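Hi,

Here is the structure I promised to pass on. Have a look at it first, and my notes on cores, cavities and the pocket follow below.

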Amino acid sequence: MTMIVANILDEIKSAADALGVVTQGHGIGDGKSYEAWVLLRMVMELKHHGYDIEVRDAADDVVTELRLRGAPGHMKPSVVNPPANWPTHVFIGSILYDYEIHLGLEVSGASGASHELDISVLPHGDAARCRDDGGGVYSGHVTHAIELKAYDSDKSLPMGFPRALLGTAMDLDPTWGISRIIFETHGGHSQRYSLRRTTYALLTTAKLTDNAKALLAHHGMIAGEQVEPAGSQKEIGYMVADIRELLYEP
């Protein structure tokens, strides 16, 4: 992992410089550095396509420091002059719709349990309302969620992780397993409607077993193995392309 982490830290610095921000919090561990790299890789690709990219604090003010959570955390409340140690988020703007990307945000499930999402994409309006209402565990809509695992690249990720991601998806939205609805009439005609569900991905620096790939693929989740600066990054591109479908034009 040493070489991978070194490459990741170099790319984090380059991306932050290109965005005109400084980063803080990603040196807490290999996992946090990995999360920061994937986030910035996504943000740079969105910026390349012409979308408005801003780092904002809990007051929704533009700042120049991307502060990452060192542990799972709640949405911070909207206050004037938020404390300097509070995490910030990335705002993505387009002609019609605005979204936010968060790291390590806790989201509430139907069971009442909260779940940490390593990377989550949220409608800006839902996130802002949560902050205006005093913050806390986020209960609004999540459009994209990514589980990230920094492991040795020559080992396979344990099967428990894809199973856990599937369980998280079902608790955050018990109807998530329904991908389309079919209406049939008495005359024998049918109409099919595809549903826009939360898009999930599991990305890791390790390998994925065939069982893990089969489970994720069956449920429409993106599976990426050995995703790192010197390896494959196409799955990050898949997520960005899916986000762009929501954003419409820059």
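**What sits around Ile-119**

Ile-119 touches Glu-35, Val-38, Leu-39, Met-42, Ile-101, His-102, Leu-103, His-144, Ala-145, Ile-146 and Leu-148, leaving out residues up to four places away in sequence; contact here means heavy atoms within 4.5 Å. Before you read on: this is a predicted model, where local features need pLDDT of at least 70 and side-chain atom pairs count only at pLDDT 80 or more, while totals for chains, interfaces and linings use all residues. Residues are numbered from 1 along each chain as its sequence is written, and side-chain values use heavy atoms, with hydrogens and water left out.

**Cores**

Ile-119 is also among the residues with the most contacts inside the largest nonpolar core, together with Val-38, Leu-39, Met-42, Leu-46, Ile-101 and Leu-203. That core has 40 residues, and its largest share, 9 residues, comes from helix H2 (residues 30-48). A second, separate core has 21 residues, including Leu-117 and Leu-165. (A nonpolar core is a set of buried Ala, Val, Leu, Ile, Met, Phe, Trp, Tyr and Cys residues joined through side-chain atoms within 4.5 Å; buried means under 20% relative accessible area with a 1.4 Å probe, protein chains only.) Of the chain's 250 residues, 46% count as buried.

**Cavities and the pocket**

The whole structure holds 2 cavities of 30 Å³ or more. On a 1 Å grid over the protein atoms alone, a cavity is a set of points where a 1.4 Å probe fits but cannot get out, whereas a pocket is an open set with protein on both sides within 12 Å along at least five of seven lines; lining residues have an atom within 4 Å of a point. Volumes are the space filled by probe spheres set on the points, which are joined across faces, edges and corners.

The largest cavity is about 60 Å³, with Arg-69, His-89, His-102 and Arg-131 among the residues that line it.

The largest pocket has about 150 Å³ of space, and its lining includes Ser-108, Ser-139, His-141, Asp-173 and Tyr-200.

Cheers

Methods:
Buried < 20%, exposed > 50% of the residue type's maximum accessible area, 1.4 Å probe, protein only. Helix = DSSP H or I, 4+ residues; strand = E, 2+ residues; numbered from the N terminus.
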